[in-house]
Amino acid sequence: SARRRRGIPTGPDGRRIPRRRDVDTLGSIVNREIRQRGWAREIAGGWVTGHWQDLVGEKIAAHTRVEMLKGSTLFISCDSTAWATNLRMMQREILRTIAAKVGPDGITELKIFGPKAPSWRHGALHVAGRGPRDTYG
């Protein structure tokens with residue numbers, strides 16, 4: 001009773017079995033979804049965060065850290081003001097490298113910050129006021 005059927009072959013669920021040329025690659029499906037959902041900028045930020053050491057080099061990456069991506073601006077914090085100044089001088093070169101790797105519309109601006117000042121607030125309770133000023137003699 002193995003009779004040859006005519007027409008388009010179907011699977012057990014009745015749907016047409018795709019031919020080899022009809023199958024999209026995983027990469028093309030993912031790229032299409034990224035474009036349709038508008039995720040290109042976020043993925044560019046993730047790539048930059050993951051490859052920061054390759055972008056700026058080991059020595060600079062040891063003293064800098066990518067904090068976040070907000071819009072098309074990448075926020076970077078540094079260990080010292082000297083490293084922040086160095087990174088500000090390299091800003092154009094870094095943006096050019098990022099644009100070459102992930103595209104020109106991903107990240108368009110860098111915000112570079114030095115170290116944060118120490119906090120004088122200790123514990124859960126806090127007295128309102130100006131805080132310590134010239135108290136060292």
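Q: What makes the link between the side chains of Thr73 and Glu109 a polar contact?
A: The two side chains are joined at 3.3 Å. A polar contact is a pair of N or O atoms within 3.5 Å, where within protein one must be able to donate a hydrogen and the other to accept it, and residues adjacent in sequence count only if both atoms are side-chain atoms; 3.3 Å is within that limit, so the name applies. A word on the source: this is a predicted model, where local features need pLDDT of at least 70, side-chain atom pairs count only at pLDDT 80 or more, and totals for chains, interfaces and linings use all residues. Residues are numbered from 1 along each chain as its sequence is written, and side-chain values use heavy atoms, with hydrogens and water left out.

Q: Why is Thr73 called buried?
A: Buried means under 20% relative accessible area (1.4 Å probe, protein chains only). Thr73 has 11%, so Thr73 is buried.

Q: What makes Ile112 buried?
A: Its relative accessible area is 8%, which is under 20%, so Ile112 is buried as well.

Q: Which residues does Ile112 touch, not counting those up to four places away in sequence?
A: They are Ile76, Cys78, Ala84, Leu87, Arg88 and Gln91, where contact means heavy atoms within 4.5 Å.

Q: How do you know that Trp47 counts as nonpolar in the lining of the largest pocket?
A: Trp47 is one of the residues that line this pocket. Ala, Val, Leu, Ile, Met, Phe, Trp, Tyr, Cys and Pro count as nonpolar, Asp, Glu, Lys and Arg as charged, and the others, Gly among them, as polar, so Trp47 is nonpolar. By class, the lining has seven nonpolar, two polar and two charged residues.

Definitions and conventions
1 Å grid on protein atoms, 1.4 Å probe; cavity = no way out; pocket = protein on both sides within 12 Å on 5 of 7 lines; lining within 4 Å. Buried < 20%, exposed > 50% of the residue type's maximum accessible area, 1.4 Å probe, protein only.
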